[in-house]
Amino acid sequence: MENIGKIMSLYVHIPFCVRKCNYCDFLSSPASEEMKEQYVQALIHEMEEKREIYQAYQVESVFIGGGTPSTLSTEQMSRLLGTMQNCYRILRDAEFTVEINPGTVDREKLVAYKTHGVNRLSIGLQSADDGELCRLGRIHTFDEFMETFQTARELGYENINIDLMSGLPGQSRESYRQTLEKVLALKPEHLSAYSLIVEEGTPFWDLYGEGSQENGSGERNIHTEEKPDTEESHDLSLPDEDTDRMMYEDTDRILAEQGYHRYEISNYARTGYESRHNTGYWKRHNYLGLGLGSSSLIDNCRWKNESVLAAYVNQNGICEKKEQETLTTQEQMEEFMFLGLRLMRGISYQEFDNYFHRPIMEVYAAPIQKGIAEGLLMEVEEGGETCLRLTKRGIDVSNVVMSDFLF
Amino acid sequence: MAQIDQSKIRNFCIVAHIDHGKSTLADRIIEKTGLLTNREMQAQVLDNMDLERERGITIKAQTVRTIYKAKDGEEYVFNLIDTPGHVDFNYEVSRSLAACDGAILIVDAAQGIEAQTLANVYLALDHNLDVFPVINKIDLPSAEPKRVIEEIEDVIGLEAKDAPLISAKNGVGIEEVLEKIVEKIPAPGGSPENPLQALIFDSLYDSYKGVIIFCRIMEGTVKKGTKIRMMATGAEEEVVEVGYFGAGQFLPTEELSAGMVGYITASIKNVKDTAVGDTVTDADRPCAEPLPGYKKVNSMVYCGLYPADGAKYPDLRDALEKLQLNDASLNYEPETSIALGFGFRCGFLGLLHLEIIQERLEREYNLDLVTTAPSVIYKVYRTNGEVIELTNPSNLPDPSEIDYMEEPIVSAEIMVTTEFIGTIMELCQERRGVYLGMEYMEATRALLKYELPLNEIIYDFFDALKSRSRGYASFDYEMKGYEQSELVKLDILINREEVDALSFIVHKDTAYERGRRMCERLKDEIPRQLFEIPIQAAVGSKIIARETVKAMRKDVLAKCYGGDITRKKKLLEKQKEGKKRMRQVGNVEIPQKAFMSVLKLDDK
């Protein structure tokens with residue numbers, strides 16, 4: 001039966017991990033078993049309480065992220081997933097991802113996920129070099145990752161993402177290339193490759209944040225301008241800017257050779273395996289966030305959940321919406337642009353027109369022309385549509401381009 | 001009010017080094033003489049503006065009249081004229097002193113005599129005022145009243161043995177000060193029958209009453225209906241009202257006569273017509289000659305003021321107009337800068353005056369300003385015999401048309417503890433100072449005398465002095481005159497384009513050093529952009545220093561985790577806001593603070 005209704009995605013946040021990584025500024029921390037159980041109960045309660053409100057929505061994708069969702073026990077995760085299946089209208093062919101970290105999963109957990117409909121895994125690897133992993137504060141080795149990956153394959157997971165990072169302390173272009181090669185040998189369906197950003201409030205900020213160049217956006221790109229000339233240096237400094245950019249270019253080239261295309265600034269996939277869930281964020285599809293600090297966008301209204309763990313648990317998962325705002329047309333346009341441009345396909349003029357009932361050039365002629373003149377944007381005809389997308393250089397400095405689209 | 005016996009009037013002021021407690025003592029005098037109840041008494045009644053209270057300095061002269069019932073059973077009228085406390089306002093100080101018959105000298109019991117103590121007390125003695133000392137802050141643990149009394153006697157030659165030892169803050173010893181005022185300050189002279197002769201020592205613009213003239217009647221009488229004439233400016237008007245100064249209010253009265261201090265209003269529209277130091281007389285029965293000492297006050301320091309947001313230009317103009325109503329020493333003229341757009345070249349008495357105006361524009365008028373480097377007035381002698389008074393470095397003629405140039409020189413006195421003499425002499429040397437001599441005040445303190453080019457002290461000399469002496473040096477100066485000097489214009493080129501707002505005049509020997517430091521500073525201030533930006537310092541066509549801002553390689557957001565779009569949008573908004581605070585010069589965006597940061601180059 002064709003069910004004509006509204007569509008949304010679900011994001012579920014699990015704010016726990018075994019140990020906080022040195023670069024991590026996400027809402028996550030180690031917690032006692034007791035706290036985890038209280039949280040799971042509150043989260044289940046939240047799911048149940050909200051079920052009525054979202055009955056009209058069909059769920060096209062689910063993402064259980066963290067933190068490290070796989071720190072929850074098999075039983076806890078089964079309860080969560082079971083409740084979710086009961087409360088929400090998850091489409092049969094929905095993309096259903098759980099984020100896992102090597103060192104926290106075993107065969108039993110992976111089997112349980114599968115039984116509850118999980119069909120995609122996102123594994124946090126970051127690097128194939130154990131020294132680099134150690135410096136990041138990761139709790140696993142590359143071998144442990146291999147074990148996890150192979151188990152997943154054996155259990156029939158046919159859609160796996162691996163998270164990688166470039167620009168790490170002590171990382172060389174060569175070591176990064178080896179990471180890429182080792183990972184590609186496993187033929188994952190999807191790769192996320194981020195370049196490290198040192199965020200305030202993390203141990204890395206204290207180590208690398210000081211005396212670095214402020215880039216104006218509050219985050220810092222911390223790569224030193226010149227690299228000291230030490231051969232085979234095991235120094236722990238960050239790769240210099242040029243190396244960092246070369247790593248980024250290597251990623252694009254090597255992955256392309258192996259049949260992966262970049263569909264978003266930091267995401268690569270074999271054809272057909274682009275993450276639907278993530279693409280939804282860039283295309284401004286509806287999503288409901290459940291759990292601590294999660295974000296939602298439903299029918300042009302954004303809000304966040306309570307982000308204080310104790311408050312969330314004490315109120316049994318039913319808290320006031322935070323930072324709630326109904327997006328004005330202008331704000332919707334801004335988002336349409338700066339989110340849409342993250343996709344390599346870019347934004348379609350036709351879609352803009354259809355959505356806002358105004359030609360894009362009436363609104364954004366100036367920044368578009370400026371971006372094109374500066375070589376940061378380009379117009380491409382594709383399938384009878386005109387698309388605006390970032391050039392290679394535009395990707396490198398995309399903040400500059402995107403901020404031009406804010407009113 | 002009944003006729004006041006002239007012999008019961010005391011017109012006086014308080015002189016002190018900054019921070020020695022002048023305003024606090026003034027408050028106590030007002031409080032003890034019962035003019036205000038405690039409840040009405042806001043700390044430091046006389047400092048009107050928020051700025052004055054915050055900075056603890058007096059900018060405009062303030063005056064208050066109060067009645068004191070002395071121990072002899074008589075009632076005395078006290079007119080306390082609070083004078084500005086900064087070298088920038090020296091002329092105003094001198095006019096306020098001229099309105100008094102005596103002065104109280106306050107000296108801090110811990111710090112003793114400072115540079116301004118000396119300058120101010122000599123100024124008071126020059127005006128033939130009877131001065132008696134008061135030792136303040138005796139409550140401080142570090143107070144050494146004995147030593148300070150000796151110092152006053154030795155250095156100034158003022159008898160200080162029976163100086164009241166007080167703590168203005170705690171209200172200790174105030175009675176004694178009040179009795180001393182009666183005893184030591186002479187009653188005013190002059191006759192109410194003589195032709196009117198009144199000294200203007202300040203004026204204030206009131207949107208309702210027009211200009212309010214603060215004056216001291218030296219001779220004669222003035223009342224409603226008197227047709228008055230300002231002798232220097234020639235302005236004539238009929239008096240609408242005369243009166244006294246209450247605390248923060250004006251109290252109308254029948255007439256003001258010789259020996260009194262009060263105000264006159266006469267529907268005058270512009271403070272420029274009532275110049276400080278001018279003499280008010282009766283137009284129908286004028287006095288023989290004006291009072292001595294009037295001079296036209298000239299601006300010493302100039303700088304460009306530009307609205308950060310170009311659209312606010314009319315607002316800036318209106319604000320300057322309003323400030324000028326109350327501040328005859330503020331000058332401004334429209335000017336245009338390629339880098340900064342439309343703005344004004346403004347003239348000030350000194351750097352403090354500049355800062356005050358800048359702060360008032362920002363606070364009271366809500367303007368965001370970009371200020372160019374302050375400049376003094378240079379005299380440019382052209383080969384064709386013409387002399388230009390240069391206030392904006394960009395207007396310097398081509399070197400081939402310049403015969404020679406002159407720059408203003410000041411005589412400076414720096415009081416310093418002996419351990420810092422070496423460092424401070426070094427600083428003065430760096431600033432092209434000419435050593436004139438040194439006097440030991442006592443074993444541990446000395447007074448250094450230098451001649452310094454004004455352009456070397458207007459930037460950050462005071463800060464440098466304080467930091468190199470750990471706050472112990474004090475400083476005072478007065479204009480000496482103009483001297484010939486080897487000056488050049490230093491230009492800054494950003495991405496090979498000259499930025500007019502960053503040009504300044506500098507001595508040729510320091511051009512290289514300043515140019516190098518400016519390039520370094522600008523390199524830190526200018527954020528990376530999409531392309532490489534050379535920053536160069538040039539004298540004429542010769543590049544003397546260069547730095548490069550490398551091109552931005554990467555500025556990209558990593559993941560938008562869990563769909564947290566708001567957070568990422570905030571980052572983009574911050575970036576956009578940052579851009580708004582930039583000035584577009586050619587195709588380079590320069591943060592507004594870069595224009596000001598170049599002023600602070602002394603980083604020792």
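1. Over all chains, a search of the whole structure finds 67 salt bridges, a salt bridge being a side-chain nitrogen of Lys or Arg within 4 Å of a carboxyl oxygen of Asp or Glu. This is a predicted model, in which local features need pLDDT of at least 70 and side-chain atom pairs count only at pLDDT 80 or more, whereas totals for chains, interfaces and linings use all residues. Residues are numbered from 1 along each chain as its sequence is written, chains are lettered from A and ligands numbered from 1 in the order in which they are written, and side-chain values use heavy atoms, with hydrogens and water left out.

2. One of these salt bridges joins Asp396(A) to Arg245(A), with the closest N and O atoms 2.6 Å apart. Asp396(A) belongs to helix H14 of chain A and Arg245(A) to helix H8 (residues 241–257) of chain A, so the pair ties together parts that are 151 residues apart in sequence. Helices (H or I, at least four residues) and strands (E, at least two) are here DSSP runs, numbered from the N terminus. Both Asp396(A) and Arg245(A) are buried; that term means under 20% relative accessible area, while exposed means over 50% and partly exposed lies in between (1.4 Å probe, protein chains only).

3. In chain B, the side chains of Asp162(B) and Lys180(B) meet in a salt bridge at 3.3 Å, N to O. This pair links distant parts of the chain, 18 residues apart: Asp162(B) is in the loop between helix H5 (145–156) and helix H6 (174–184) of chain B, and Lys180(B) is in helix H6 of chain B. Asp162(B) is partly exposed at 36% relative accessibility, whereas Lys180(B) is buried, with a relative accessible area of 9%.

4. A further salt bridge in chain B brings together the side chains of Glu498(B) and Lys489(B), at 3.8 Å from N to O. Glu498(B) is partly exposed, with a relative accessible area of 42%, and Lys489(B) counts as buried at 16% relative accessibility.

5. What area is buried between chain B and chain A? The value is about 4,000 Å², and carbon and sulfur atoms give 50% of it; buried area is the accessible area (1.4 Å probe) that two parts lose on being put together, summed over both. Chain B contributes 29 residues to the contact and chain A 56 residues, where contact means heavy atoms within 4.5 Å.

6. Eight salt bridges are found by the rule across the interface of chain B and chain A. Lys570(B) forms a salt bridge with Glu323(A), in which the closest N and O atoms are 3.6 Å apart. Glu323(A) is found in strand E12 (residues 322–326) of chain A. Although Glu323(A) is not a glycine, it has a positive phi of about 50°, and at 43% relative accessibility Glu323(A) counts as partly exposed.

7. Two further backbone features of chain A deserve mention. A cis peptide bond, with omega about 20°, joins Gly66(A) and Gly67(A); Gly67(A) lies in the loop between strand E2 (57–66) and helix H2 (74–87) of chain A. Asp299(A), not a glycine, has a positive phi of about 45° and is found in the loop between strand E10 (295–298) and strand E11 (301–304) of chain A. Asp299(A) is partly exposed, with a relative accessible area of 41%.

8. The secondary structure of chain B comes to 14 helices and 33 strands, and 58% of its 604 residues count as buried. The largest nonpolar core has 80 residues, and those with the most contacts inside it are Leu361(B), Ile414(B), Phe461(B), Ile494(B) and Ile590(B). Such a core is a set of buried Ala, Val, Leu, Ile, Met, Phe, Trp, Tyr and Cys residues joined through side-chain atoms within 4.5 Å.
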